[in-house]
Amino acid sequence: MSGLDITFPAFISVAALVLLIVISCINEKINVGFLGIGLAVLIGGFAADIPGTQVAKLLPVNTFMLLTGVTFMFGMAQTNGTLQKLTNHSLRLCGGNTALVPVIIFVLANLLSTLGPGNLAACALMAPLTMSIANRIKMPMFLMSLILVGSANAAALSPLSPTGIIGSSFIAEGAQEMGIAEDYLPVLAWRIHFNCEIAQGFVTLIGFLMMGGLKWLRSQRGQRIDIDDIAPRPQPFTAKEKLTLLMMFLMVLLVVLPGIPGVKSSLPRCLANITTDVGTVAFVLSAIMLLTGCGDSQQTVKVMPWGVIIMICGVTILIEVMESTGGLNFLSKAITGISGPLTVNFWVALVAAVISAYASSCGVVMPMFLSMAPELAKFTGGDPISICSSINVAAHLVDISPLSGLGAVCLAAAAEYENAAKLFRQLLIWGFSMSVVSAVICFVFFGLLGL
């Protein structure tokens, strides 16, 4: 392959990915994970001479186990009421000072997203309560949506959350090619998480202030409200809920500690073996919670995001076949043909954001673009960490659109209090505008500033 010449197998694999993206954009009822597996088998058989048995071996087992372990553990924390009670206790910290409500909600949604439930779970958990609060304190629903989605998405790339696990898995696969040492991967996961917190937090803050938040804050000077009206006092944590909180704390501790330089080598070998990744830790802690009666496995399995897990695994299988046919190499060269070491952050963010506005951020966009990151870095001379950060930020900044799960959750919760059609337009316009904004932000933060 020279220039942008493309072989027939590569062309077919690229066409299959484009078809998958188009279908995911126009029909959200179809799980493109199943479609991706079917297309991968067809391409392998007819164009790439890859038997179906080999295609089946491309299933990303590590990613599957990571996502299953983490979502099962936090599914138990959700179904046993611990997360809801933690939310109610936290909201009471504002003490009736309405101006502090946006700060409390931002911090709480960010914390929940960071600790493991993830951005969508944090939004789904908090949206009904926060939209009710917005109505009581006369805050526009659009502003509350900006805060909730922005804060949850800022922490979406946490190494403890499902989306962060997906990102870390793809980066780990290309780490050697990008010149990233294996021992640095745990630290890198937190660095990328920090990059996303900075970039998305900045956009959320500026957006909130520009779109009416500053005016609302000025109107709240001296205003107070009975805290029991917006967040009734919840019952104290039960023994099982306290144990669940302890398991959540241990989860964070056992994932963070091995990433600290010098700590992993000082841990007992048995503990070091258990803490090799987030998934193994989650399964161990989940077993303890089950044996102590903290969770119901049947109820927990029902709330796990199986559709998302299948989507990610299926799209990954198709991308693996694409890589073997040269299709991924072609797409990388197509983007780098108009990019340089700095501008690659702009272009990859723009394309990723536009696709993410219609397709799944973690199920389609991240697997596709993070798989290209090693070649994008090689062809342009750009920093691979900056490129990965640009992909992750761009994929999520558009998620406030009502066409995405997060925006839809906010719209559904706010419909009881506000004109749904008006809010739909506001979220849609803001979400699509983020395609361009994300490209500029990524160029500045990860290109010029080199975060």
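Predicted model: local features only at pLDDT ≥ 70, side-chain atom pairs only at ≥ 80, totals over all residues.
Q: Is K85 buried or exposed?
A: K85 belongs to helix α5, which covers residues 82–91. Its relative accessible area is 14%, and the cut-off for a buried residue is under 20%. Because 14% falls under that cut-off, K85 is buried.

Q: Which side chain is joined to that of K85 by a polar contact of 2.9 Å?
A: Beyond the neighbours within four places in sequence, K85 is in contact with P234, Q235, P236, F237 and E241. One of these residues also takes part in a polar contact of 2.9 Å between side chains, and the partner of K85 in that pair is E241.

Q: Which residues is F369 in contact with, leaving aside its neighbours within four places in sequence?
A: In soluble globular proteins, nonpolar side chains tend to be buried together. Once the neighbours within four places in sequence are left aside, the residues in contact with F369 are I335, V348, V351, A352, I355 and I391.

Q: Which element supplies the largest share of the lining of the largest cavity?
A: A search of the whole structure finds three cavities of 30 Å³ or more, and the largest has a volume of about 120 Å³. Of the 15 residues that line the largest cavity, L146, G150, T204, L397 and W430 are the closest to its centre. Two or more lining residues come from each of α8 (141–154), α10 (185–219), α20 (384–397) and α22 (420–448), and the largest share, five residues, comes from α10.

Q: How many charged residues are in the lining of the largest cavity?
A: Sorted by class, this lining has eight nonpolar and six polar residues.

Q: Which helix gives the largest share of the lining of the second largest cavity?
A: The second largest cavity holds about 40 Å³ of space, and its lining is made up of L157, G164, G167, S168, I171, A189, I192 and N392. By class, that lining has four nonpolar, four polar and no charged residues. At least two lining residues are supplied by each of α9 (162–173) and α10, and the largest share, four residues, comes from α9.

Q: Is K138 buried or exposed?
A: K138 lies in the loop between α7 (119–136) and α8, and it has a positive phi of about 60° although it is not a glycine. The cut-off for an exposed residue is over 50% relative accessible area. Because its relative accessibility is 69%, K138 counts as exposed.

Methods
Residues numbered from 1 in each chain as written. Heavy atoms only, no water. Buried < 20%, exposed > 50% of the residue type's maximum accessible area, 1.4 Å probe, protein only. Polar contact = N/O pair within 3.5 Å; in protein donor to acceptor, adjacent residues only side chain to side chain. Contact = heavy atoms within 4.5 Å. 1 Å grid on protein atoms, 1.4 Å probe; cavity = no way out; pocket = protein on both sides within 12 Å on 5 of 7 lines; lining within 4 Å. Points joined across faces, edges and corners; volume = space filled by probe spheres on them. Nonpolar A, V, L, I, M, F, W, Y, C, P; charged D, E, K, R; others polar.
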